[in-house]
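Subject: Handover of a structure, with notes

Hello,

Here is the structure for you to take over.

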Amino acid sequence: MIRFFNKQKQFEQDVMEQGMQYSSGFYGDSLRRLKKNKMAMFCAGILVLLVLVAIFAPVIAPYDPTYQDYSAVLAEPSMAHPFGTDEYGRDILSRIIYGSRVSLSIGIVAQVVASLVGVTLGAVAGYYGGRIDSVISRIMEIFQAFPDLIFAMAIMTFLGKGVLNLFIALGLLTWVRTARMIRGSVMQLKEKEYIEASRACGASTFWIITKGLVPNCLSTIIVLVTLGIPNAIMYEASLSFLGIGIQPPTPSWGNMISAAQTFISYRPVYSIMPGVAIMITVIAFNIFGDGLRDALDPKLKN
């Protein structure tokens, strides 16, 4: 067994030294290119850490995020409270840890909603063309005509406050970009020979779209989701800051920054730390998304 692994390792070294190329498939090649991007892999590690923090928040957080200790109101950072406490004596570190659950879940769910709507409408518009494409394109133009944040505020005002409505608002806010990208990809792919062969064999339209077209857009969808999550997190923080997103006492990075405005002059840590959490999360997602986009680009294969 040891001799076998030694031979395999020697074979791989010989292949690399002699410039021979071997492929493990598109996604295998993409993963190798991604691993070479040290900054993207570092940001991937940060994102994994954030996900673990969100999952194990009850174990990691030193206090209940809603527990109010009026003997320690607006306490300075200390061993007991590393980031201090807020105006109700709640531990800021614990609220930031629990806030990661809100931000990541909203970012991910909002992108799932955006992807379902965007991929469906984009694929239908790109495949059928004609009047169907014109109608869907006009709908996309209407959604894009409004500034993103104002549009999200209007949806939340109409639907009302709540986490479920926030999922819907952010999903409706970001589906247009996905739909446009998928529409363009499908318009190119539907003229390929394998699609013509599928039609000739009697394949249904549903089969062609779901089995022949959408799977070939998977790399585009992955990149769009990865780059869309930080945008959703920023919109959630903005809406919570304005008071129409996540409502207290549920901890959210946005509503923590909003509540800290009054005390920023003499307790700056209160507002700085949630802002730092948002900054780290958004930058990590953006850098990892850029690296993933480069890794999945077929033009960079060689």
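Below is what I found, from the overall fold down to single residues.

**Ground rules**

This is a predicted model, so local features need pLDDT of at least 70 and side-chain atom pairs count only at pLDDT 80 or more, while totals for chains, interfaces and linings use all residues. Residues are numbered from 1 along each chain as its sequence is written, and side-chain values use heavy atoms, with hydrogens and water left out.

**Overall**

The protein has 13 helices and zero strands. Helices here are DSSP runs of H or I with at least four residues, strands are runs of E with at least two, and both are numbered from the N terminus. Along the sequence the pattern reads α-α-α-α-α-α-α-α-α-α-α-α-α.

Of the 302 residues, 41% are buried. Buried means under 20% relative accessible area, exposed means over 50%, and partly exposed is in between (1.4 Å probe, protein chains only). The accessible surface comes to about 16,600 Å². Carbon and sulfur atoms hold 66% of that surface. Areas come from the Shrake-Rupley method with a 1.4 Å probe; for residues, only the protein chains shown count as cover.

Now contacts (heavy atoms within 4.5 Å). Take those between residues at least 6 apart in sequence: 69% join residues at least 24 apart.

**Helix α5 and its crossing**

Helix α5 covers residues 92-128. Its axis and that of helix α8 (residues 163-189) come within 5 Å and cross at roughly 40 degrees. Axes are lines fitted to C-alpha atoms, for helices over the stretch in contact, with angles from 0 to 180 degrees between N-to-C directions. The crossing of α5 past α8 is right-handed.

Is Ser 103 buried or exposed? It is buried, because its relative accessible area is 1%. Leaving out residues up to four places away in sequence, Ser 103 touches Ile 233, Glu 236 and Trp 253.

**Salt bridges**

A salt bridge needs a side-chain nitrogen of Lys or Arg within 4 Å of a carboxyl oxygen of Asp or Glu. By this rule there are seven. Some of them are worth a look.

- Arg 267 and Glu 76 meet at 3.9 Å, N to O. The pair links distant parts of the chain, 191 residues apart. Arg 267 sits in the loop between α12 (253-259) and α13 (268-295), and Glu 76 in the loop between α4 (57-60) and α5. Glu 76 is exposed, at 52% relative accessible area.
- Asp 133 and Arg 183 meet at 2.7 Å, N to O. They are 50 residues apart, with Asp 133 in helix α6 (residues 130-144) and Arg 183 in helix α8. Asp 133 counts as buried at 10%, whereas Arg 183 is partly exposed at 21%.
- Glu 141 and Arg 138 meet at 2.9 Å, N to O. They are three residues apart in α6, so about one helical turn separates them. Glu 141 is partly exposed at 38%, and Arg 138 is partly exposed at 42%.
- Asp 86, Arg 90 and Arg 95 are linked in a network of salt bridges.

**Backbone points to check**

Which peptide bond is cis? The bond from Pro 248 to Pro 249 is, with omega near 10 degrees. Pro 249 is in the loop between α11 (218-241) and α12.

Leu 74 is not a glycine, yet it has a positive phi of about 50 degrees. Leu 74 lies in the loop between α4 and α5. At 13% relative accessibility, Leu 74 is buried.

**Met 153**

Met 153 is in helix α7 (residues 148-159). Its relative accessible area is 29%, so Met 153 is partly exposed. Met 153 and Tyr 235 are 82 residues apart in sequence and 9.8 Å apart in space, C-alpha to C-alpha. Not counting residues up to four places away in sequence, Met 153 touches Leu 239, Leu 242 and Ile 244.

Best regards

Definitions and conventions: Left-handed = near helix turned anticlockwise from the far one by under 90°.
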